[in-house]
Amino acid sequence: MAACRGVASSVFFSPDGERGRARARREANARQICEDCPVLAQCRDHALTADEPYGIWGGMTEADRRRHARRTRTGERR
Ligand code: SF4
């Protein structure tokens with residue numbers, strides 16, 4: 001079962017105008033929930049495949065997915 005089941009969606013999706021420390025705090029909370037999720041890999045794959053523009057999916061933020069997409073496009077490796 002997904003670890004985020006029953007958790008408010010506001011933990012995974014940013015409210016309008018959120019930035020700075022509030023955003024970092026919320027994202028850290030969401031990532032912590034994802035860390036122990038038994039379906040993390042599937043969730044992450046879905047978000048990357050569907051090019052989900054918003055929210056934390058599989059422990060990845062919107063910025064993480066954008067970086068990942070850029071790397072994939074350019075063939076960059078880490
Ligand atoms: S990995 Fe996906 S399904 Fe699991 S807690 Fe995170 S957002 Fe929810």
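Mentor: The lining of the largest pocket has 14 nonpolar, 2 polar and no charged residues; here Ala, Val, Leu, Ile, Met, Phe, Trp, Tyr, Cys and Pro count as nonpolar, Asp, Glu, Lys and Arg as charged, and the others, Gly among them, as polar. This is a predicted model, in which local features need pLDDT of at least 70 and side-chain atom pairs count only at pLDDT 80 or more, while totals for chains, interfaces and linings use all residues. Residues are numbered from 1 along each chain as its sequence is written, and side-chain values use heavy atoms, with hydrogens and water left out.

The largest pocket holds about 230 Å³ of space, a volume being the space filled by probe spheres set on the points, which are joined across faces, edges and corners. Of its 16 lining residues, C4, F12, C43, I56 and W57 are the closest to the centre. Two elements, α1 and α2, each give two or more residues to this lining; helices are DSSP runs (H or I, at least four residues), numbered from the N terminus.

The ligand takes up the space of this pocket, since a molecule sits in a pocket if more than half of its atoms lie within 2 Å of its grid points. Among the residues around the ligand are C4, F12, C43 and I56, where near means a heavy atom within 4 Å. The shell divides into 10 nonpolar, 1 polar and no charged residues.

Definitions and conventions
On a 1 Å grid over the protein atoms alone, a cavity is a set of points where a 1.4 Å probe fits but cannot get out, and a pocket is an open set with protein on both sides within 12 Å along at least five of seven lines; lining residues have an atom within 4 Å of a point.
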